[in-house]
Amino acid sequence: MRSPDDILPPQGEPHVHSRENPFFNGLLRGDTRSIGMDSAFEFPVSGSGQSLSRSASDIGNTRGRNFVLDASKHVADFPEEDSFSDVLEPFALPSSGLKSKDARSTSLSFQSVQSDSSIGLDDQTGSPESNSCLNEEWENFHVLDFSQRSFAERKSSQLRVPLPQSAASFYNGVSPLMEIVESCQGIERLNLYLKERRDDVSAGVPGRFLHAVIGQDSSDVGSLAATIMYAFYLTETLGDDQICTVPVINMRRADFSSHVDLKWLLHSCQIDEASLVFIDEIDLSYYDLYGSLKLVLVNGHKIPLKQEALKEAVVEIFSCRKGESVYPWVRDVTFAQDCSSCTLLAEKFALNFPQILAGRGFSRLLLSGILLDTANLSLPHCTSKDKYMATLLINGAGRFGCDGLYQILRYKMYDVSDLKVTEILRKDFKKWTRIGNPDTAGLRFSVSHVGMSSIGMPVGQLLDREDSSTQEIKLFQQLEKLRVLTIVSGYYDVDKNFKREILVSAESVELKKNLLHFFNSNASQLPLKVLPLPGLRNEMSAFEINKFTTRKNVERLLEEFGNTLKG
């Protein structure tokens with residue numbers, strides 16, 4: 001039996017931390033040229049060996065200092081590439097067990113996060129627009145090659161979102177301005193798949209059936225992630241060359257720019273947005289006409305109303321609630337069992353291709369869907385399977401941790417700091433359609449008379465964003481062919497009191513008077529107080545609602561008013 005003296009190292013001998021990763025080897029050697037930066041730390045070297053010795057006081061002091069690393073003089077020798085946005089640490093991904101394809105290493109770039117105590121997100125009910133605007137800088141990066149593996153050297157910018165403390169933040173310092181990141185092979189495979197499918201759609205999918213995976217028209221993270229990942233999963237498991245499985249994002253590409261949370265997530269996961277296929281870029285009715293269309297519904301039991309004419313092409317429903325009625329001819333139905341659809345997908349990948357979940361970008365997309373579907377695993381309907389899969393995918397959270405990733409995504413959902421007025425109006429917009437009067441040929445077409453945009457800021461703040469805000473509002477109304485556009489505002493003031501305001505923009509002054517008269521007849525449900533805002537047109541009026549009113553109540557009144565209009 002060995003004595004304790006044989007096990008414990010001699011006192012006073014420094015502990016040596018060995019790393020196989022060439023990045024860490026460079027640090028231990030004190031040679032920081034290989035990672036493109038001067039050393040900001042002192043590593044004592046004795047003789048030919050390397051040793052790293054840091055006292056507890058040294059470690060504690062690093063938490064209170066900002067290290068500024070000047071990388072500009074080291075990056076001139078590398079070619080510039082396009083940048084993505086995220087913070088990832090080095091991570092070695094094992095070989096993929098999926099079907100073999102050529103996976104090319106792509107250039108990566110990411111964005112770092114620094115906490116700002118002046119911005120609070122603890123109030124889950126408040127709208128983050130009332131806080132300071134988000135400041136981001138997109139930086140270029142440069143690729144380094146260590147042992148035939150792809151790493152990225154990047155200058156990180158600052159994301160002003162307060163994040164909870166985590167061990168990763170402790171070891172990485174307060175605000176590191178340089179980082180080495182290894183590429184994610186799973187995301188490279190996914191990007192290659194998305195590009196191939198987009199090329200197939202551009203060519204008209206010749207000689208094959210179109211297997212379109214489509215979600216609901218609600219543009220949230222869970223629907224986006226489930227649509228992309230389930231289409232990829234079906235392609236890897238079916239192995240049928242006669243079927244072209246394509247994820248179709250159920251929104252227009254022009255509308256995607258207003259969804260800051262979705263754009264940030266795709267960039268942070270290194271997914272190529274240009275390779276995605278949006279609903280306005282593919283004519284599903286054309287494929288349905290020739291009998292080559294098969295639809296897979298995700299996150300719902302019924303096809304969205306806009307695609308109602310294609311319901312007979314539905315062959316599979318993935319992730320619907322038990323008890324919901326489904327189309328009788330659909331035999332392949334996967335019930336969600338009260339858990340997130342991304343949880344079901346993570347389980348499928350874990351059972352069939354577990355190694356692909358080791359990639360940070362791949363696991364982050366699924367993890368983000370789970371966190372937002374369950375409000376960071378806090379909702380009553382959050383299941384033990386949701387929590388288990390979130391733990392399995394925790395590598396996707398990176399240095400943010402699950403709490404930090406959730407707060408960033410939630411902040412991004414309301415971030416409009418870089419959006420124009422029309423993009424803000426389109427971010428959360430809906431309109432009501434009805435069958436219009438017959439034309440000269442006796443045909444009837446659906447018309448939209450009334451639309452509503454929801455914003456998270458005061459109406460006055462929206463008007464102050466641009467000198468031509470009122471013109472932009474009218475332009476948006478004309479593009480959507482609306483007779484009445486109502487902007488509904490909900491926000492918290494400095495005293496944490498919830499405020500609800502509306503701005504009405506009508507086709508004419510007479511129509512505005514009719515709408516106000518309709519509101520006055522429902523004053524018990526919608527008591528209005530005039531907001532004296534300068535610069536409004538004659539056919540525009542702004543009001544504050546003098547009682548707590550939900551958006552659903554405003555929607556119901558607008559829909560009733562729309563039914564009274566003749567067209």
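Is Cys269 buried or exposed? Select Cys269 to start: it is buried, with a relative accessible area of 0%. Keep in mind throughout that this is a predicted model. Now select Cys342, which is also buried, at a relative accessible area of 0%.

**The parallel sheet**

Show the open sheet of 6 strands next. Read across it in the order E8-E7-E6-E9-E10-E11; the pairing is parallel. The edge strands are E8 (277-278) and E11 (332-335), and each pairs on one side only.

Zoom in on E9 (residues 293-298) and E10 (residues 314-320). These two strands pair in the parallel sense over 4 bridges. For a landmark, pick Val296, which stands opposite Glu316 in E10.

Then select helix H5 (residues 185-202). H5 lies across strand E7 (243-249) and E8. Relative to E7, helix H5 runs at about 100°.

**The nonpolar cores**

Switch to side chains. The largest nonpolar core has 58 residues. Which of its residues touch the most other members? Select Leu190, Tyr230, Phe349, Phe362 and Leu366 to see them.

Colour the contributing elements next. Those giving two or more residues to this core are H5, H6 (221-238), H8 (260-268), E9, H10, H11 (360-373), H12 (384-392) and H13 (401-413). H6 supplies the largest share, 11 residues.

Centre on Phe362. What is Phe362 in contact with, leaving aside its neighbours within four places in sequence? The list is Cys184, Gly186, Ile187, Met229, Phe232, Phe349, Ile356 and Leu357.

Now move to the second core. It is separate and has 24 residues, including Ile282, Ile303, Ala313 and Val314.

**An enclosed strand**

Select strand E17 (residues 540-545). How many of its 6 residues are buried? The count is 6 of the 6, so E17 is largely enclosed by the rest of the structure.

Strand E15 (residues 498-506) pairs with E17 in the antiparallel sense over 5 bridges. Look for Val504, which stands opposite Ser541. Strand E16 (residues 528-530) pairs with E17 too, again in the antiparallel sense, over 3 bridges. There, Val530 has Phe543 as its bridge partner.

**Last stop: a loop with positive phi**

Go to the loop between H11 and H12 and select Asn376. Asn376 is not a glycine, yet its phi is positive, at about 60°.

Step to Leu377, which is found in this loop between H11 and H12. Its phi is positive as well, near 65°, and Leu377 is a residue other than glycine. Is Leu377 buried, exposed or partly exposed? It counts as partly exposed, because its relative accessibility is 24%.

Definitions and conventions:
Residues numbered from 1 in each chain as written. Predicted model: local features only at pLDDT ≥ 70, side-chain atom pairs only at ≥ 80, totals over all residues. Heavy atoms only, no water. Buried < 20%, exposed > 50% of the residue type's maximum accessible area, 1.4 Å probe, protein only. Pairing = 2+ DSSP bridges. Contact = heavy atoms within 4.5 Å. Axes fitted to C-alpha atoms, helices over the stretch in contact; angles between N-to-C directions. Core = buried A, V, L, I, M, F, W, Y, C linked by side-chain atoms within 4.5 Å.
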